[in-house]
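This report is meant for a reader meeting the structure for the first time. Please look over the sequence and the model below before reading on.

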Amino acid sequence: MSPSFNLALFFAVYVARCFLFSDASRQDCTDALGMESNKIQDSQLSSNTFSSGWLPEYGRLNNNGAWCSKNNDETSEYFQIDLLRVRHVSAIATQGVKNWNLLSYYVKTYTIKYSYNGMDWLTYKDSDGDSDRLFTGNSDAKSVKRNNFRDTFVTRYLRIYPKDHRFDMCLRVEVYGCSDVADNCSSFSTIPSGIIASPGYPVGYPSNKDCVWIISAPRRKNLVLMFTHFDIRRSSSPPFCKEDFVKVQDGLTDLSPHTGGKYCNGNTSMLITTSASTVRVNFHSGNTTATQKGFQINYLAITPGSDNIHAEKACDGDFLALNCSGYKYTINILHATYGSFPYTCGQQVSSPSCPPVDVNSKVVSMCQDFKECHIPVKGALFDYNCSKGSETRQLQIFFQCTSRNIRTPGPSTIPTKPMQVSSTALSTKATQMSSTALSTTPTQMSSTALSTKPTQMSSSAASTAQPTKVPYFATLITEPTIKEDPEKDRGNPLPTMTLSSLEGKYATPANGTKKRSIHDSKAKEYETENMLYQSADSPDSPETYIAAKKEVAPYDSCPVLIITENPLPMGFSSPTKKIADQGYELIKPPNGVAQSHYSLPDKKPPKARSIENPNYEKTLPITQNYEYAKPEIKTEANC
């Protein structure tokens, strides 16, 4: 036999082997899961229908009885097994049965449906993913026919749908998979947010481990995977992720399309967003014992276009910027970690000596609810003290622009422009300001700071005004700097102050504050301070105030009269003098001594009009007696 013939024969056998065993189960997942041994309990078995005496709990491999359907409808009849949790299923074995009259009943072909929750069912398909897999069954009643599933097949519920059969649909079944110890990390979840972590994280993961996490979010949602921690062993030669890896699939089944290939150290992603509402995450570890920590993935279901998730990272010495200025809402921090990550910041470090730590609370205090945020990346900012190794550390943050709260930038030092005042405007000599006169102003002012008598402000003094540190919500209002003795340093002539009109009532410097209350007798024409409210009975102009002040100054701070029972009050002011020819018109005839009262001195109050007033269109003398209540005058001790 020639060497060329031997080579061709070897190649043909190799190709045939690959074809025949392409769906072969993993060598370490061939354990019987408990149909024959009764580890799978009777309550875990069910069917659509069954014949009398041929119950589902009899459908166990090598059992004396079997399950037989009541009807032979190929579209509706099934035999179901509940494995109680999601786990790898590597193979299935079937067997027929003989009855008392020695007739053989068996299923020749069947299909498989499976479910993760017992409600939504998927059909097991061929490896091409297009056609339903038709399994070959039995050819007699006694022999066992075994069919393998793909290595990556996991499920909780398994249904066998008999198709072609002899006489009646009768089955005895066993299923195979990984042992309970090896297969304890797979799961199915419909919770829209949560955490996926490798076995043993963060201490380390075991060898020869296969885990599958399947997540199904509500419809019209997408799932986002955030790799908050990731440390998976990298092979020494390419392909580097051939032994230990994480794999993400955009769908529920093991035939769903992959997203980004296999991930390990040096080949990873911070953020993965699915195109649908389901995702499948696979983790595999090889035979070699790894010293790596493993991984942690935080996932969240989002509405595409409205609450997308962003990821940013920066190394020590850089600034990390978060920006939501193009969105309706503000920054919402999801996760933040700081430390040494494998194969980051230009370092080829497989297993860092200073692993990353959670710094979410610190980043929230700095950036939550802002439109923009800039963070200087350094260990001291996060109280990160790790003396091991000298790796460059990295900050990575996951956030959304969905916060309804709005914060503006915090405290900052903003220089204030010096006030410019003309010497002409200051020609009027200011009188001494006392702390008592200012004690009722909205802003508390020190008597020491106000004890001087300024007559002129030098421009040189104004130009040296120091910046004022104010919180972000404050209005910048700065009083002019006043030198104690302006005669000692006259300085340069003062520039002209630009005054702005506030509805014709006050003239205010453009860089100054509103005038203080006119009711303060110590107020000066160009004296400024914070004024939050204006009294309703304030005079219309400073001139009116000056004229009124001469008459009512002794009662300036006293309250006005309160007429409690007069049915026709017209308006009055502080008691200055008595007017005998003006008064209230009454609805009752006079029968008592009238009390003196006061009315406005500048204009006569309008006469009251009433259909019940007997004195309509009359002005009654003040000397006569009338019946009405005595005005109640509330005064202070100094009035």
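Strand 25 (residues 330-339) and strand 28 (residues 394-403) run antiparallel and are joined by eight bridges; strands here, numbered from the N terminus, are DSSP runs of E with at least two residues, while helices are runs of H or I with at least four. Within this pairing, Ala336 has Ile397 of strand 28 as its bridge partner. The model is a predicted one, in which local features need pLDDT of at least 70 and side-chain atom pairs count only at pLDDT 80 or more, although totals for chains, interfaces and linings use all residues. Residues are numbered from 1 along each chain as its sequence is written, and side-chain values use heavy atoms, with hydrogens and water left out.

Both strands belong to an open sheet of four strands in the order 23-28-25-26, with antiparallel pairing, where two strands count as paired if DSSP finds at least two bridges between them. Strand 23 (309-315) and strand 26 (357-358) are the edge strands, each pairing on one side only. Helix 2 (residues 360-367) packs on this sheet and touches strand 25, strand 26 and strand 28, contact being heavy atoms within 4.5 Å. The direction of helix 2 makes about 145° with that of strand 25; the axes are lines fitted to C-alpha atoms, for helices over the stretch in contact, and angles run from 0 to 180 degrees between N-to-C directions.

Another open sheet, of three strands, has the order 5-6-12 and antiparallel pairing, with strand 5 (97-98) and strand 12 (165-166) at its edges. Strand 5 is joined by two bridges to strand 6 (residues 104-107), and Val97 stands opposite Tyr105 in strand 6.

## Nonpolar cores

The largest nonpolar core holds 28 residues, of which Phe79, Ile81, Ile92, Ile112 and Val175 touch the most other members. Such a core is a set of buried Ala, Val, Leu, Ile, Met, Phe, Trp, Tyr and Cys residues joined through side-chain atoms within 4.5 Å, buried meaning under 20% relative accessible area, exposed over 50% and partly exposed in between (1.4 Å probe, protein chains only). Strand 4 gives the most to this core, with six residues. A second, separate core of 27 residues includes Ile196, Trp213, Leu223 and Ala301.

## An exposed proline

Pro239 lies in the loop between strand 17 (222-231) and strand 18 (245-249), and it counts as exposed because its relative accessibility is 55%.
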